[in-house]
Amino acid sequence: MSAAPAHGPGDLGCVLRVLDGVVVVLTGSGELRASYAAALLSRVAEDPAAAPSPGEWWRLRRWPDGPVTVEHRLEQPLARVLPWRPRR
């Protein structure tokens, strides 16, 4: 089964807590639990610093059968990533 494409603002999340193999992320639709993607597990096995940390923004993938995985860390400033701007 293939993954749904990771596009759009609902597929970004800020890490709130890191548990054993699971992270709690805050998204535009609220908090959710997400597991590590396979590629991320491989990177963390080679370099533990690659693991998510609280306060970081990550691209998420929502799978058709329900689970959510954290895919990769967003390195660029958040203002360039988010499609909306706060009101002044």
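**Layout, core and strand pairing**

Mentor: Keeping in mind that this is a predicted model, the elements of the protein follow one another as β-β-β-α-β-β-α from the N terminus on, which gives two helices and five strands.

Trainee: And how much of the protein is buried?
Mentor: Buried residues account for 34% of the 88 residues, and the accessible surface of the protein is about 5,900 Å², with 55% of that surface belonging to carbon and sulfur atoms.

Trainee: OK, which residues have the most contacts inside the largest nonpolar core?
Mentor: That core has 15 residues, and those with the most contacts inside it are V23, V25, A34, Y36, L40, V44 and V70. The elements giving two or more residues to this core are β2, β3, α1, β4 and β5, with the largest share, three residues, coming from β3.

Trainee: What does Y36 touch?
Mentor: Leaving aside residues up to four places away in sequence, Y36 touches V18, G21, V22, V23, L41, V44, A51, P52, T69 and V70.

Trainee: Switching to the strands, do β3 and β5 run parallel or antiparallel?
Mentor: β3 and β5 run parallel and are joined by two bridges, and S35 stands opposite T69 in β5.

Trainee: Then what about β4 and β5?
Mentor: That pair is antiparallel, over five bridges, and W58 stands opposite R73 in β5. β4 and β5 form a hairpin with five residues between them, and in the turn G66 has a positive phi of about 120 degrees.

Trainee: Last one, what share of the contacts join residues at least 24 apart?
Mentor: Among contacts between residues at least 6 apart in sequence, that share is 47%.

Key: Residues are numbered from 1 along each chain as its sequence is written. This is a predicted model: local features need pLDDT of at least 70, side-chain atom pairs count only at pLDDT 80 or more; totals for chains, interfaces and linings use all residues. Side-chain values use heavy atoms; hydrogens and water are left out. A nonpolar core is a set of buried Ala, Val, Leu, Ile, Met, Phe, Trp, Tyr and Cys residues joined through side-chain atoms within 4.5 Å. Buried means under 20% relative accessible area, exposed over 50%, partly exposed in between (1.4 Å probe, protein chains only). Helices (H or I, at least four residues) and strands (E, at least two) are DSSP runs, numbered from the N terminus. Contact means heavy atoms within 4.5 Å. Accessible areas come from the Shrake-Rupley method with a 1.4 Å probe; for residues, only the protein chains shown count as cover. Two strands pair if DSSP finds at least two bridges between them.
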